[in-house]
Amino acid sequence: MMKQKINDILADVSGVDVGSILETTRLVDDLGLTSFDLADIIVSIEDEYGVSIPDEELQSLQTVGDVYELAGRVLKNED
């Protein structure tokens, strides 16, 4: 469920079909995302799940799988 919501957010921001987004999809090279797009994605995740993600985490995000891992880690820490 979380992965599907993140995929929906990524598809919305990137304009890429949600069906083509895989865990190994690269955010910049494959989806064409900019640093501003990544910030929008993080804000959307924060709003969706009521969590706070430190800005410095953006630098470590290379793939969709990295976004899943970050969201899972942040959500786990919020419990």
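Is Glu23 buried, exposed or partly exposed, and what is its relative accessible area? I looked this up first.

I note that this is a predicted model, in which local features need pLDDT of at least 70, side-chain atom pairs count only at pLDDT 80 or more, and totals for chains, interfaces and linings use all residues. Residues are numbered from 1 along each chain as its sequence is written, and side-chain values use heavy atoms, with hydrogens and water left out.

**Entry on Glu23.** I found Glu23 partly exposed, with a relative accessible area of 46%; buried means under 20%, exposed over 50%, and partly exposed in between (1.4 Å probe, protein chains only). Glu23 sits in the loop between helix H1 (2-14) and helix H2 (35-49); helices are DSSP runs of H or I with at least four residues, numbered from the N terminus. Apart from neighbours within four places in sequence, Glu23 is in contact with Lys3, Thr63, Val64, Gly65 and Tyr68, where contact means heavy atoms within 4.5 Å.

**Entry on Asn7.** I then turned to Asn7, which lies in helix H1. Asn7 is buried, its relative accessible area being 8%. Again leaving aside neighbours within four places in sequence, I list Val18, Ile21, Val64 and Tyr68 as contacts of Asn7.

**Entry on H1 and H2.** I recorded that the axes of H1 and H2 come within 10 Å and cross at roughly 140°. Axes are lines fitted to C-alpha atoms, for helices over the stretch in contact, with angles from 0 to 180 degrees between N-to-C directions. The contact is made by residues including Ile6 and Leu10 of H1 and Ile41 and Ile45 of H2.

Terms used:
Helix = DSSP H or I, 4+ residues; strand = E, 2+ residues; numbered from the N terminus.
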